Amino acid sequence: MRVSGPVGQVEAGQPVVAPESAEAGSGTPTARRAIISGALGSALEWFDFSVYGALSATVFPQLFFPDLAPGAALLASFATFGVGLVARPLGGLVFGVLGDRFGRRNVLMVTLLLMGAASVLIGVLPTYAGVGIAAPAALVVLRFLQGFALGGELTGSQLMVMEHSPNRRRGIAGALMSVGSPISQVLATLTLTGLAAWLTEEQFAGWGWRVPFLMSVALIAVGYYIRHRVEETPAFLASEGKSEQAARGLLRQHWKTVTLLVLAWAAPGALYYIMVTFATSYLTGQLGFDKSSTFGLMVVANSVSIAASLLGGWSSDRIGRKRVLFIGLAVLLAFLVPFFLILGTGNWWMAALAITGALCGVQFMTGCQGAFYAEALPTPVRYTGSALGLTCGNMVFAAPAPFLATWLMQISGNGTLLVTGYGILTILVSAFAIRLLPDRTGRQLEV
């Protein structure tokens, strides 16, 4: 028996799928604008997050927590860093529900402006020396708003690209959008490297650290202009009217999928923040690397990882999302086991190799993450469900990672072994979840 649906004739009892309007080519003006707008949104969010991560490991402990002992100040600084990750699930839930009900485009205009405003305000925030305890309190609030906006922005921009892309090129389209992350981190690290090299320690601590946050204004303006010209996605238009009822049954009908999506991002989420953010603190605080050489190391790692992200997305269109994700986990394991031994040599080139390899493993997985998560859920709950999966995964595993690694180092003489053990545990968790999730590579998105 066949029944009529909003997108044509389908078999009774079969899921309705979105029309593959983008199959004519991802080079259409709408598809191109969706990718550019997603890349700019990703660039803004990750530029600010990477700057904050580097500064939380270097100058923020002294600027906002000067009354604490050095170790406690670093823990407090990493705690403010984690606030942004903890806020993501709430933002993903709120903006996900709004995006599933009112459209991806409208919500993404709001998240871009909110993220940018919070970043600029951090750039003009007084330090503890100026206003006392109000400074770290305001930093926490602004960091929360950053994370809240990012919870909606990250998944929403991915879906905007996924739902405008042809079935057989969804992986590479998502990868083109996701490279906004490593590119922006290269720009952020180059900015910090230049500032650290050209300014004295006093100038950098006084005003130099503010410059990257204030640069967000340019990205906001360009991103808003391009995003304003992007049309709503065909998949959402085909499913309008279903989202309110579907949202109420999200956890009842799709709880298993959402839970597995949370667990699937355990390893890349946690290991990114251990092997990049925490490693920055470890290199400068315990191994004696200066800020300029450490920031330069991160430029090398992020630059190489851009190719890894594109390769991951491209490969996933050919060999499947799950195979790409498992390859990424294998790369992470290979670099995690000797990671701290390599850093402990004190050799810049060896440290660069270790961090670059680990970051390539993460970005190889990130290249297909957008497509993998988008394909796991039907359109009426896709924004909410995939946002919860990604943001809760980051909250549970990524947010505490720098704090946990610092704490383990402080309480044990075998801290590096404990951190490595935690990393291996996250790899096992991710492998278990990915194994149970379906692989819908090349199929039409379910409406």
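Predicted model: local features only at pLDDT ≥ 70, side-chain atom pairs only at ≥ 80, totals over all residues.
The inside of the structure comes first. Rolling a probe the size of a water molecule over the atoms shows where empty space is left. Across the whole structure, a search turns up four cavities of 30 Å³ or more. The largest cavity holds about 280 Å³ of space. Its lining is made up of 21 residues, and those closest to the centre are Trp 46, Leu 154, Ser 181, Trp 265 and Thr 366. Quite a few helices have a hand in this lining: helix 1 (29-56), helix 6 (134-162), helix 7 (170-178), helix 8 (180-198), helix 15 (266-285), helix 19 (348-374) and helix 20 (379-398) each put in at least two residues. Sorted by class, the lining of the largest cavity comes out at nine nonpolar, 10 polar and two charged residues.

Next comes the second largest cavity, with about 190 Å³ of space. Here 18 residues do the lining, and Ser 50, Ala 54, Gln 185, Tyr 272 and Val 276 sit closest to the centre. Two or more residues of this lining come from each of helix 1, helix 8, helix 15 and helix 16 (291-319). The class count for the second largest cavity reads 11 nonpolar residues, seven polar ones and no charged ones.

Helix 7, one of the helices that line the largest cavity, deserves a look of its own. Eight of its nine residues are buried, so helix 7 is largely enclosed by the rest of the structure. The buried ones are Arg 170, Gly 171, Ile 172, Ala 173, Gly 174, Ala 175, Met 177 and Ser 178.

Arg 170 also leads on to the salt bridges. Side chains of opposite charge can pair when their charged atoms come close. The model has six salt bridges. In one of them, the side chain of Arg 170 meets that of Glu 375, at 2.9 Å from N to O. Arg 170 belongs to helix 7 while Glu 375 is in the loop between helix 19 and helix 20, so this pair ties together parts that lie 205 residues apart in sequence. Arg 170 and Glu 375 are both buried.

Another salt bridge links the side chains of Asp 317 and Arg 321, again with the N to O distance given as 2.9 Å. These two residues, Asp 317 and Arg 321, are both buried as well. There is also a network: Asp 100, Arg 104, Glu 163 and Arg 382 are joined into one by salt bridges that share partners. Within it, the side chains of Asp 100 and Arg 104 meet at 3.0 Å, N to O. Asp 100 is buried, and Arg 104 is too.

Pro 182 sits in helix 8 and counts as buried because its relative accessible area is 0%. Along the chain, Pro 182 and Ser 309 are 127 residues apart, yet their C-alpha atoms are separated by 8.7 Å. Pro 380, for its part, is found in helix 20. With a relative accessible area of 6%, Pro 380 is buried, since the cut-off is under 20%. Its C-alpha lies 7.5 Å from that of Phe 236, a residue 144 positions away in sequence.

Leu 90 has its place in helix 3, and its relative accessibility of 41% makes it partly exposed. Val 94 is part of helix 3 too, and at 33% relative accessibility it also counts as partly exposed.

Key
Residues numbered from 1 in each chain as written. Heavy atoms only, no water. Helix = DSSP H or I, 4+ residues; strand = E, 2+ residues; numbered from the N terminus. Buried < 20%, exposed > 50% of the residue type's maximum accessible area, 1.4 Å probe, protein only. 1 Å grid on protein atoms, 1.4 Å probe; cavity = no way out; pocket = protein on both sides within 12 Å on 5 of 7 lines; lining within 4 Å. Points joined across faces, edges and corners; volume = space filled by probe spheres on them. Nonpolar A, V, L, I, M, F, W, Y, C, P; charged D, E, K, R; others polar. Salt bridge = Lys/Arg side-chain N within 4 Å of Asp/Glu carboxyl O.
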